[in-house]
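Please examine the sequence and the structure shown below before reading on. The report then takes up a few topics in turn.

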Protein chains: 2
Amino acid sequence: MATITVPRVVPSPAEDAAALLKAFQGWGTDEQAVISILAHRDATQRKQIALEYEHKYSESLIQRLHSELSGDFERAVYHWMLDPAERQAVMANAATECIQEEYPVLVEIACANNSAAELVAVKKAYHALYKRSLEEDVAAPRLTCMHPWIVVQLLLAVVSTYRYDGDDNVDMELARSEAKIVHEAVRNGGGGAAGGHDELIRVVGTRSKAQLRATFACFKDEHRSSVTKALPRGDDPTGYPRALRTAARCVADPSKYFAKVLRHATRESAGTDEDSLTRVVVVHAEKDDMGAICAAFQKRASCTLEQAIAKETSGDYRSFLLALLGS
Amino acid sequence: MATITVPRVVPSPAEDAAALLKAFQGWGTDEQAVISILAHRDATQRKQIALEYEHKYSESLIQRLHSELSGDFERAVYHWMLDPAERQAVMANAATECIQEEYPVLVEIACANNSAAELVAVKKAYHALYKRSLEEDVAAPRLTCMHPWIVVQLLLAVVSTYRYDGDDNVDMELARSEAKIVHEAVRNGGGGAAGGHDELIRVVGTRSKAQLRATFACFKDEHRSSVTKALPRGDDPTGYPRALRTAARCVADPSKYFAKVLRHATRESAGTDEDSLTRVVVVHAEKDDMGAICAAFQKRASCTLEQAIAKETSGDYRSFLLALLGS
């Protein structure tokens with residue numbers, strides 16, 4: 001269930017565009033007016049408003065929002081205004097700048113946010129925006145960070161494959177044999193072909209999610225521990241076990257995974273991680289899984305997601321996120 | 001320019017279906033009637049005929065053709081009757097049975113026959129037919145043949161990537177630096193990460209075709225030899241240099257590559273290779289590049305493609321191929 005709420009009677013795109021222009025004019029911006037409009041329109045409606053605004057006032061609505069708003073609020077509204085495929089292309093591109101830190105963005109796009117067809121739409125948007133493929137930017141990341149080859153291999157495998165989406169062809173014998181491959185690699189820790197990680201990456205990179213869930217279930221039956229728990233923890237300099245754990249979580253139970261990201265992002269002790277918070281809320285607020293993410297959050301945290309956000313954030317940024325969550 | 005010819009006034013699908021039924025009835029099949037209809041209808045028209053036939057006579061046209069025809073002729077008609085994306089999915093699936101022999105089929109589909117969007121259509125057809133992804137079948141091929149890992153890696157890279165199709169973003173500096181990567185790997189021969197082949201596969205697997213052509217041109221400028229000529233020849237047991245050469249040829253000049261396949265397939269000395277002959281003619285006869293392939297064939301051979309086919313094949317198979325070539 002999506003969490004955004006759209007009024008029963010929606011103003012015309014021209015009326016919304018005019019109301020936005022009014023919110024921008026005069027001393028200061030009327031941020032509440034911006035929120036009351038844009039946080040309560042779906043992707044198609046927002047696109048129509050942006051088109052109408054540009055047509056009528058000869059300026060880009062996104063550019064105007066950029067100059068009127070600031071900080072985390074501005075970044076959240078900017079991402080919210082993009083078309084869902086384009087938004088993920090922009091996020092993926094930023095992640096390729098430093099995949100060792102930003103690998104979760106790529107793994108989520110490849111393994112949790114999208115069907116195979118939706119992932120192709122993200123890649124198509126990537127072509128249009130950057131005149132390159134997502135694959136080449138993941139495979140040959142720009143050199144602002146270290147990029148151990150094994151992490152690149154894993155990320156490239158998951159973003160490349162046009163995965164089979166169905167759950168009607170799970171092969172239990174294959175699941176059992178590939179659970180052994182996973183175990184072999186996990187037991188050897190680290191990474192590298194010698195440890196069986198080429199094979200592990202092949203399995204995680206190419207099998208359908210339903211097949212992988214069966215493989216992970218076989219692993220758990222056999223070894224009394226989930227794959228994610230069996231993966232080595234601690235400071236692996238390559239970051240590979242962390243990236244692999246993220247992929248396994250995204251495949252196994254995306255709602256639980258995103259709830260965990262949100263719990264970490266709103267932890268009092270570590271300071272708020274606004275980038276992750278914005279990413280999960282903006283990407284999922286109008287997707288079917290946001291309700292399940294909120295429920296999974298509440299199950300493990302001592303409060304609702306709205307309460308956590310209300311506590312950890314402030315100002316227009318807080319109002320905007322809460323509006324997207326239907327408060 | 002496509003080579004198939006469609007009559008100015010095309011009979012209705014119902015008329016064609018009735019004429020086909022008539023050709024099947026009585027003693028023996030009237031193969032010439034089958035050819036005169038099916039070889040002169042485009043993909044959409046053939047699909048309509050098949051639908052009409054099934055609707056009217058309660059049997060699958062493809063199944064009936066299968067039981068009425070035989071040998072190379074039957075196989076060629078069968079592939080011709082499939083939708084272009086479905087046809088390549090069927091061919092790719094057969095190739096995964098023994099990729100060390102059949103790698104050219106996969107490389108052609110990934111690097112020469114299709115745009116990025118068309119390749120996605122082939123993969124979508126693969127999902128519908130086999131309830132698995134092409135990627136998982138390439139990465140974990142069935143064990144009827146040997147499958148050295150390096151060949152699997154190369155094939156998986158080229159079939160996976162949603163390549164950038166444009167030629168508007170060629171980076172000459174990148175071409176020069178990646179020509180060095182190609183040279184390093186080619187000089188080291190064989191395969192394996194140590195020889196720089198991981199990097200070579202990354203380049204060939206992810207860059208746009210226009211970018212790769214610039215890289216190959218830099219290579220030639222620098223080393224006075226094309227990449228394909230520089231790759232080691234002879235009996236490499238892995239087959240990797242051959243697969244890599246095929247990929248380089250498909251990217252560099254697909255028409256020249258297909259003309260070469262056809263020259264080999266119609267060589268008097270080695271016996272006719274009907275599978276390759278059928279594949280290239282059936283896949284390209286209604287594509288824009290068949291004219292260029294015929295021209296490239298004639299430039300290097302001492303005869304036209306039609307003459308070579310007339311000499312090396314016979315019977316209904318010959319008539320069918322020649323009809324597809326517009327004779």
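The sections below treat the relation between the chains, their contact, the aromatic rings and the backbone.

## Relation between the two chains

The model described here is predicted. In general, two copies of a chain are related by a rotation about an axis together with a shift along that axis.

The same surface serves both copies, since 100% of the contact residues of chain A recur in chain B.

## The contact between chain A and chain B

Chain A gives 29 residues to the contact, and chain B gives 29 residues. About 2500 Å² is buried between chain A and chain B, and carbon and sulfur atoms give 58% of this area. Three residues, K131(A), Y162(A) and Y164(A), supply 26% of the area that chain A buries against chain B, which is more than any other three residues supply.

Four salt bridges are counted between chain A and chain B.

## Aromatic pairs

Over all chains, the count comes to ten aromatic pairs. Y53(A) and Y57(A) have ring centres 5.0 Å apart and ring planes at 70°. An angle over 60 degrees counts as edge-to-face, so the pair of Y53(A) and Y57(A) is edge-to-face. Both residues lie in helix 3 of chain A, which covers residues 43-57. Y53(A) and Y57(A) are four residues apart, about one turn of the helix. Y53(A) counts as buried because its relative accessibility is 0%, whereas Y57(A), at 24%, counts as partly exposed. Ring pairs also link Y53(A) and Y57(A) with F24(A) into a cluster.

In chain B, Y257(B) and F258(B) form an aromatic pair that is edge-to-face. The distance is 5.1 Å centre to centre, with 65° between the planes of Y257(B) and F258(B). Buried means under 20% relative accessible area. Y257(B), at 7% relative accessibility, therefore counts as buried, and F258(B), at 0%, counts as buried as well.

## Arginine over a tryptophan ring

In chain A, R46(A) lies over the face of W80(A), and the distance from the ring centre is 3.6 Å. In chain B, R46(B) lies over the face of W80(B), at 3.7 Å from the ring centre.

## Positive phi angles in chain A

Which residue in the loop between helix 3 and helix 4 of chain A is considered here? The residue is S58(A), and helix 4 covers residues 61-68. Phi of S58(A) is near 50°, a positive value in a residue other than glycine. S58(A) has a relative accessible area of 66% and is therefore exposed.

R224(A) also has a positive phi, of about 50°, although it is not a glycine. R224(A) is found in the loop between helix 13 (209-223) and helix 14 (227-230) of chain A. With a relative accessible area of 80%, R224(A) is exposed.

Terms used
Residues numbered from 1 in each chain as written. Chains lettered and ligands numbered in written order. Predicted model: local features only at pLDDT ≥ 70, side-chain atom pairs only at ≥ 80, totals over all residues. Heavy atoms only, no water. Phe/Tyr/Trp six-rings, centres within 6.5 Å; stacked < 30°, edge-to-face > 60°. Helix = DSSP H or I, 4+ residues; strand = E, 2+ residues; numbered from the N terminus. Buried < 20%, exposed > 50% of the residue type's maximum accessible area, 1.4 Å probe, protein only. Lys NZ or Arg CZ within 6 Å of the ring centre and 35° of its normal. Contact = heavy atoms within 4.5 Å. Buried area = accessible area lost by both parts, 1.4 Å probe. Salt bridge = Lys/Arg side-chain N within 4 Å of Asp/Glu carboxyl O.
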